[in-house]
2 protein chains.
Amino acid sequence: MPPCSIQNNMRKLRFDHDEMTQQELAKNIGVTRQTIIAIESRKYSPTLELAFKIADVFQVPLEKIFQYKPEK
Amino acid sequence: MPPCSIQNNMRKLRFDHDEMTQQELAKNIGVTRQTIIAIESRKYSPTLELAFKIADVFQVPLEKIFQYKPEK
DNA sequence: ACATAATGTAAAGTATAAATAACATTGTGC
DNA sequence: GCACAATGTTATTTATACTTTACATTATGT
């Protein structure tokens with residue numbers, strides 16, 4: 001099913017960061033693990049706040065993690 | 001009253017772009033004028049999709065428009 | 001003064017992100 | 001094999017972004 005229109009490479013970033021688990025990431029940015037799962041699997045897009053927080057954790061610019069892909 | 005934690009300089013960008021009106025901007029990105037008002041006045045943050053679309057219209061990187069300011 | 005364009009404000013409804021909880025799957029090590 | 005950690009799935013609920021409508025304010029021009 002066509003999830004959301006925002007791509008991301010959080011999985012790669014987690015593993016590049018000492019194989020950080022979803023649980024750890026969730027705790028770092030103050031959300032639940034389900035939210036991480038949903039974003040990684042593109043069930044839905046994160047809010048802008050969350051996107052910034054995630055970029056903060058990985059110390060990369062937001063656009064290096066999230067890319068907008070218009071549906072068509 | 002500090003509503004949302006995301007700052008932006010959309011007003012400046014609109015006027016820098018030939019005084020683009022809220023109505024025009026709204027139409028360009030496919031939302032209503034109320035949404036533009038709410039975001040500009042920081043009643044709430046845009047979704048990540050919307051933030052990307054706005055950056056697209058003004059042809060600047062997302063982070064040049066929106067800055068995250070953690071509440072403290 | 002009047003008309004109109006641009007911006008602002010507020011209420012009620014819809015859509016979606018995030019929380020919470022319970023259970024299922026996959027993988028790794030012992 | 002079993003135990004446990006990490007990830008995935010589903011469902012229900014809460015919070016919030018966005019829409020729609022209607023009306024108010026401010027500015028500009030004739």
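User: How many helices and strands does the secondary structure of chain A come to?

Analyst: In this predicted model, local features need pLDDT of at least 70, side-chain atom pairs count only at pLDDT 80 or more, and totals for chains, interfaces and linings use all residues. Residues are numbered from 1 along each chain as its sequence is written, while chains are lettered from A and ligands numbered from 1 in the order in which they are written. Helices (H or I, at least four residues) and strands (E, at least two) are DSSP runs, numbered from the N terminus. From that terminus the order in chain A is β-α-α-α-α-α-β, and the totals are five helices and two strands.

User: What share of the residues of chain A count as buried?

Analyst: A residue is buried if 20 or more other C-beta atoms lie within 10 Å of its own, exposed if 12 or fewer, and partly exposed in between, with C-beta atoms placed from the backbone. Of the 72 residues in chain A, the buried share is 24%.

User: Which residues come nearest to DNA strand C?

Analyst: A residue is near a strand if its C-beta atom, placed from the backbone, lies within 6 Å of it. Of the 19 residues around DNA strand C, the nearest are A:Val31, A:Gln34, A:Thr35, A:Tyr44 and B:Thr21.
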